[in-house]
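Good morning, and thank you for coming.

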Amino acid sequence: MGLSLTTYGLLAVSGGALRYTRLGDRPRPSWLRPAHYLLGSALVGLVLLLLSIGIVGTLGEYGRLGHSVHLPVGLTVVALILASAWSASRISPERPWARKAHLTLNGILLFSLVVVTATGWSVVQKYL
Ligand code: HEM
Ligand code: HEM
């Protein structure tokens, strides 16, 4: 999860650089966009990995899901990251709403990542 939050931070920085080079009419290094893409795919992969570990681990241990709010929050995170990646693929000059959607979804995503970490952590505490 630390890795996910770090990746999110790098995405925020590289995304900020993308915005800076777009708005200021400054030269954009050619690696910047692919780097942001690569980091984005890494975050999608990490979240899906945590989802599968959570589901498989919980099913293996209890044979059922839904022990706490960690489940709905986890599913929300997965939905948000997929929606964010989709909105990113829609970004273009003809679709100004896609850029706005990308930024809004990423804001909610940060909040949800914090909540999923907190709820996951409180489940861990119960077993210590
Ligand atoms: C889910 C994975 C992600 C993918 C696939 C992705 C992809 C993209 C793409 C394709 C663009 C457009 C680049 C361009 O205009 O040339 C973009 C822009 C941007 N992204 Fe992401 N991104 C992801 C996650 C994030 C996250 C988590 C953040 C912030 C925390 C973020 C912040 C930004 C920002 C600030 C921009 C620039 C918007 C602008 O130009 O006004 N992205 N992203
Ligand atoms: C994107 C991040 C995450 C996703 C999508 C996710 C998803 C899930 C899901 C769907 C479950 C099954 C829950 C249930 O049926 O009650 C689960 C279980 C669990 N997760 Fe996560 N999780 C994430 C992050 C974390 C983190 C950061 C922690 C710990 C700090 C954590 C700790 C746990 C634990 C301990 C369980 C077992 C639940 C139980 O025994 O009731 N998870 N996770």
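Predicted model: local features only at pLDDT ≥ 70, side-chain atom pairs only at ≥ 80, totals over all residues.

Which residues donate to the iron atom of ligand 1? The protein donors are H36 and H102, each through its NE2 atom, at 2.0 to 2.1 Å from the iron. Around this iron atom there are six donor atoms, and the angles they subtend run from 87 to 179°, which makes the arrangement octahedral. For comparison, the ideal angles for six octahedral donors are 90 or 180 degrees.

Where do the two histidines sit in the chain? H36 belongs to helix α2 and H102 to helix α4, so together they tie parts that lie 66 residues apart in sequence. Both H36 and H102 are buried.

Several polar contacts can be picked out here. A polar side-chain atom of R19 is 2.5 Å from an oxygen atom of ligand 1. The side chain of R99 places an N or O atom 3.1 Å from an oxygen atom of the ligand. N106, in turn, has a polar side-chain atom 3.2 Å from a nitrogen atom of ligand 1.

Now to ligand 2. How many donors does the protein supply to its iron atom? There is a single one, the NE2 atom of H70, 2.1 Å away. H70 is part of helix α3. A polar side-chain atom of H70 also lies 2.9 Å from a nitrogen atom of ligand 2.

The backbone takes part as well. An N or O atom in the backbone of G66 is 2.6 Å from an oxygen atom of ligand 2, and a polar backbone atom of H67 is 2.8 Å from an oxygen atom of this ligand. Two or more residues of the shell come from each of α2, α3 and α4.

Around ligand 2 there are 24 residues, of which M1, L65, G66, H67 and H70 come nearest. This shell divides into 15 nonpolar and nine polar residues, with no charged ones.

I close with two individual residues. The first topic is S4, which is located in helix α1. Is S4 buried or exposed? Its relative accessible area is 1%, and because buried means under 20%, S4 counts as buried. Apart from neighbours within four places in sequence, S4 is in contact with L43, L46 and L50.

The other residue is D25, in the loop between α1 and α2. Its relative accessibility is 72%, so D25 counts as exposed. The phi angle of D25 is near 60°, a positive value in a residue other than glycine.

Thank you for your attention.

Conventions:
Residues numbered from 1 in each chain as written. Chains lettered and ligands numbered in written order. Heavy atoms only, no water. Polar contact = N/O pair within 3.5 Å; in protein donor to acceptor, adjacent residues only side chain to side chain. Donors = N, O, S within 2.8 Å, 3.2 Å for Na, K, Ca; no water. Tetrahedral: all angles 85-135°; square planar, octahedral: opposite > 155°, others 65-115°. Helix = DSSP H or I, 4+ residues; strand = E, 2+ residues; numbered from the N terminus. Buried < 20%, exposed > 50% of the residue type's maximum accessible area, 1.4 Å probe, protein only. Near = heavy atom within 4 Å. Nonpolar A, V, L, I, M, F, W, Y, C, P; charged D, E, K, R; others polar. Contact = heavy atoms within 4.5 Å.
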